[in-house]
Amino acid sequence: MSDEIKTSQELWTGRFYNDGINSHDGLFDKLREECGVFGVFGHSEAASLSYYGLHALQHRGQESAGICVADGAGFKYHRGMGLVKEVFVNDTLSTLVGTSAIAHVRYSTAGESKLANAQPLIFKYRGGDLAIATNGNLTNAAAIKQDLENQGSIFQTTSDTEVVAHLIARSKHDDIVLAVKEALLKVDGAYAFLFQTKDKLIAARDPHGLRPFVMGRLGNAYLFASETCAFDAVGGTYYRDVEPGELLVIDTKSGIVEDRFSPIKQRAICAMEYIYFARPDSDIDSINIHSARKRMGRQLALEAFVDADIVTGVPDSSISAAIGYAEQTGIPYELGLIKNRYTGRTFIQPSQELREQGVKMKLSAVRSIVAGKRVVMIDDSIVRGTTSLRIVNLLREAGATEVHVRISSPPFMNPCYYGIDTPDRKELIAAQKSIEEIRQAINADSLHFLSKDGLLGSIGRPNVELNRGHCTACFDNSYPTRITEETEIGCGCD
């Protein structure tokens, strides 16, 4: 793989980067967020800020990373497969000189895992160089792509983000802002977009606000990110959310111009951001994620108390809910499960025997804590059920006399078409089995899921008065946008 610095006139070649522990083999069946974006405008160290911002967003994508900077005359960029620290090594950042930058970490569910799909994607069109980074998924990308190909368009990637670039290039508007607006009106789905030209930065969020997107400040510079934790990492401060359907345009002449390409539609931010994806130190709509998860745990205790000796959470995303459950019940919280943070990424394909040890590579049960104890195990979700079974068995092998599983979300019964990596419905255990059948399948003494009303009440966002609803389609099959058979077949995230 060639990872040297490229100008916008050069092409990339690459190889597939395999993560032997977190690959698509179903070994570790947690849900995965698709991407994180970070943007800077008006700072002399834009690339370095983006690097640290991406580190803070690494949990949103571990497959590839990239930064594109603009200096008023053109682009320099660097992209690679792997973690941020693996992609940006040696003196890479020092060559990315400019006062504007957009950056991206990616985990793919629709486009292939290859360097050509790593973002930001860089294009040349009649208006000059254009870079695009996005978090989310376009549910009608497949249909638009087919139509464009029928008209002669040639696609260089399998990322649906490229569809938007083609729509911009085909626009009759020479003004980039008008062309972006026109393109966004033709796409559906969940997205937070950053567009960059040599002298402009444009931020846009889908009309439903399905994906989180925030704006911050650092001195006179403007910052954009998928989560507020990225601002803390660079010393910036949260300013406000990018509103659904909003288009923010920044350049050196006009400063920031607040515009929109669409009116706000029924608000439907992804509930899984609060349950699982967002970092605990991030805030979404001024609600701290850690605090919301603690409330989920408290509510879970009210709905499904069980007499036990200790409460433990599956690291890391379930720790907050486990603390809340323990506080509500008075049952001591203990670190009954420890995550190994140094399993790393690997190019090897382990044998089936070694693959079965995957959970033990990731997690260890603390025998001296759980032996002889009745354990309440808190987790945020059950997808296929294979990991839950292995973790329950880890606790039993360490001597737990009872393992009671409590899930801080409703049963996950439907696939997501908005940028979360989920199996087909037939692979979702909650869509195929009753709760009692799931309990038996994961070898738990008891099993309870948080109710949907309990979840929404725990998050604490007003739904009706301020038009701040949630997307809960993965629980109730109520999708905020139109889902077609074509979407179900071709949808994924980039």
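Mentor: Let us start with Cys 471, which lies in strand E26 (residues 470-471); helices (H or I, at least four residues) and strands (E, at least two) are DSSP runs, numbered from the N terminus. This is a predicted model, in which local features need pLDDT of at least 70 and side-chain atom pairs count only at pLDDT 80 or more, while totals for chains, interfaces and linings use all residues. Residues are numbered from 1 along each chain as its sequence is written, and side-chain values use heavy atoms, with hydrogens and water left out.

Trainee: Is Cys 471 buried or exposed?

Mentor: Buried means under 20% relative accessible area, exposed over 50%, and partly exposed in between (1.4 Å probe, protein chains only). Cys 471 is buried, because its relative accessible area is 8%.

Trainee: Which residues is Cys 471 in contact with, leaving aside its neighbours within four places in sequence?

Mentor: Contact means heavy atoms within 4.5 Å. On that basis Cys 471 is in contact with Leu 210, Ala 268, Ile 269, Cys 270, Ala 271, Tyr 418 and Pro 480.

Trainee: What does UniProt list for "binding site"?

Mentor: UniProt positions are given in the numbering used here, with shortened feature names, and annotations may be inferred rather than shown by experiment. The unreviewed UniProt entry lists Cys 270, Cys 416, Cys 471 and Cys 474 under "binding site". They span 205 residues in sequence, yet no two of their C-alpha atoms are more than 10.0 Å apart, so they gather at one spot.

Trainee: Where is Cys 474, and what does it touch?

Mentor: Cys 474 belongs to helix H17 (residues 473-476) and, at 8% relative accessibility, is buried. Not counting residues up to four places away in sequence, Cys 474 touches Met 272, Pro 411, Phe 412, Met 413 and Asn 414.

Trainee: How many disulfides does a search of the whole structure find?

Mentor: A disulfide is a pair of cysteine sulfur atoms within 2.5 Å. The search finds zero disulfides. Cys 416 is in none; its nearest cysteine sulfur, that of Cys 270, is 6.0 Å away. Cys 416 is buried, at 17% relative accessibility.

Trainee: How are strands E4 and E5 joined?

Mentor: Two strands pair if DSSP finds at least two bridges between them. Strand E4 (residues 64-70) runs antiparallel to E5, with seven bridges joining them, and Ile 67 stands opposite His 78 in E5. In this hairpin four residues lie between the strands, and Gly 72 takes a positive phi near 95 degrees. Six of the seven residues of E5 (residues 75-81) are buried.
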